[in-house]
Amino acid sequence: MSETTQPPSIESFVTGYVAPMVLPQNPGYDEPVAPAAPVRPRRWPLLFGGMTLGGVIATVPAVIVALALAPADTSAGPTASAPTVSASSSTGGGGTPVASAPAEQGEVGDRLTDVGITLTVTSAEFVPDVMVSDSTGSASATYTPQGPGDDARYFAVRTHVVNDGQKSIDLACSSPIANALIDDRGRKFDPLDSLYKIQGNPICNDALQPGFEADMTYVYRVPSSVTITSWSFADAADPTSFSRPGTIVQVD
């Protein structure tokens, strides 16, 4: 028995379409012909596509929340820190470094104060010699001139000192005033020893009480070719007096 089938039409691809029965061309038998099975569309691509789309939609809010909660990126480098204080300055309460004030400056004749010392330089000059006593100093001491020696000169700084501190000071023997003579190269010279032997200076142990004042001469032995520019002084009772510039007096 032979049978002929017609080519499928476009309607056979429509969902739910039932193909018509095709009768055999040879009607010699009365055997019924089974209907063709309907063509069903493939649903799994739509199923998996829907699952994928749903997963993407569900993931987007989670990503947004994660980005919002993520810590800020600090890989751009450290932020600028507040400027630190110089380590060479004096310290305040608790050892915290504090900025030191610039040194006060003046000239001969100016009344200047450094902590508890108020001082006026009355004259500053080279001198050929100084009058020195061979004793510890007294009202009846005798004085003779003393020269600086070869290739040297004396430079005398005469001052008037007021004790504005809290206790007495011994100007001639205990060195309560840190001082130095400075040349044009920044070199610092120390005064002569035994300043109490110089005529006009207080004698040893002659304590200058707070609120009182006295004259004091500082003499320095320097090279003959030196150029003197300034003189510095500081209250030696101040712990920073030997590490800071002090008060500067221009004497050139």
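Thr217 lies in strand E9, residues 213-223. Strands here (E, at least two residues) are DSSP runs numbered from the N terminus, as are helices (H or I, at least four). The model is predicted: local features need pLDDT of at least 70, side-chain atom pairs count only at pLDDT 80 or more, and totals for chains, interfaces and linings use all residues. Residues are numbered from 1 along each chain as its sequence is written, and side-chain values use heavy atoms, with hydrogens and water left out.

Start with the surroundings of Thr217. Its relative accessibility is 16%, so Thr217 counts as buried. The scale is simple: buried means under 20% relative accessible area, exposed over 50%, and partly exposed in between (1.4 Å probe, protein chains only). Leaving aside residues up to four places away in sequence, Thr217 touches Ala156, Val157, Arg158, Leu195 and Asn201. A contact here means heavy atoms within 4.5 Å.

Next, confidence. pLDDT is the predictor's confidence in each residue, from 0 to 100. The protein chain averages 75, and 58% of the residues score at least 70. Residues 44-57 stay under 50, and the model gives this stretch 0 contacts beyond four places in sequence. Residues 74-101 are also below 50 in pLDDT, but this stretch has 15 contacts beyond near neighbours in sequence.

Now the aromatic rings. A pair of aromatic rings is described by the distance of the centres and the angle of the planes. Rings of Phe, Tyr and Trp (its six-membered ring) pair if their centres lie within 6.5 Å; planes under 30 degrees apart count as stacked, over 60 as edge-to-face and the rest as tilted. The structure holds 3 such pairs. In one of them, the ring centres of Phe126 and Phe155 are 4.9 Å apart and the planes stand at 90°, so the pair is edge-to-face. This pair links distant parts of the chain. Phe126 belongs to strand E3 (residues 117-127) and Phe155 to strand E6 (residues 152-163), 29 residues apart. Phe126 is partly exposed, with a relative accessible area of 28%. Phe155 is buried, at 4% relative accessibility.

The rings of Trp231 and Phe233 make a stacked pair, because their centres are 5.6 Å apart and their planes lie at 25°. Trp231 is buried at 0% relative accessibility, and Phe233 is buried at 1%. Together with Tyr218, Trp231 and Phe233 form one aromatic cluster.

The charged end of Arg153 sits over the ring of Phe126, 3.7 Å from the ring centre. That label requires NZ of Lys or CZ of Arg within 6 Å of the ring centre and within 35 degrees of the ring normal.

Charge pairs come next. Side chains of opposite charge can pair when their charged atoms come close. A salt bridge is a side-chain nitrogen of Lys or Arg within 4 Å of a carboxyl oxygen of Asp or Glu. By this rule the structure has 4 salt bridges. One of them joins the side chains of Glu125 and Arg158 (3.1 Å, N to O). Glu125 is in strand E3 and Arg158 in strand E6, so this bridge links distant parts of the chain, 33 residues apart. Glu125 is partly exposed at 37% relative accessibility, and Arg158 is partly exposed at 30%. Arg158 is also one of the residues that Thr217 touches.

Arg187 forms a salt bridge with Asp183, with the closest N and O atoms 2.7 Å apart. Arg187 is partly exposed at 33%, whereas Asp183 is buried at 2%. Asp238 forms a salt bridge with Arg244, with the closest N and O atoms 2.9 Å apart. Asp238 is buried at 19%, and Arg244 is partly exposed at 25%. Asp114, Asp238 and Arg244 are linked in a network of salt bridges.

Finally, a sheet. Strands of a sheet pair through backbone hydrogen bonds, either parallel or antiparallel. Two strands count as paired if DSSP finds at least two bridges between them. Here 5 strands form an open sheet with mixed pairing, in the order E1-E11-E10-E7-E8. Strand E1 (105-107) and strand E8 (188-189) stand at the edges, each with a single partner strand, so one side of each has no neighbour in the sheet. Strands E10 (residues 228-235) and E11 (residues 247-250) run antiparallel and are joined by 4 bridges. Ser232 has Ile248, in E11, as its bridge partner.
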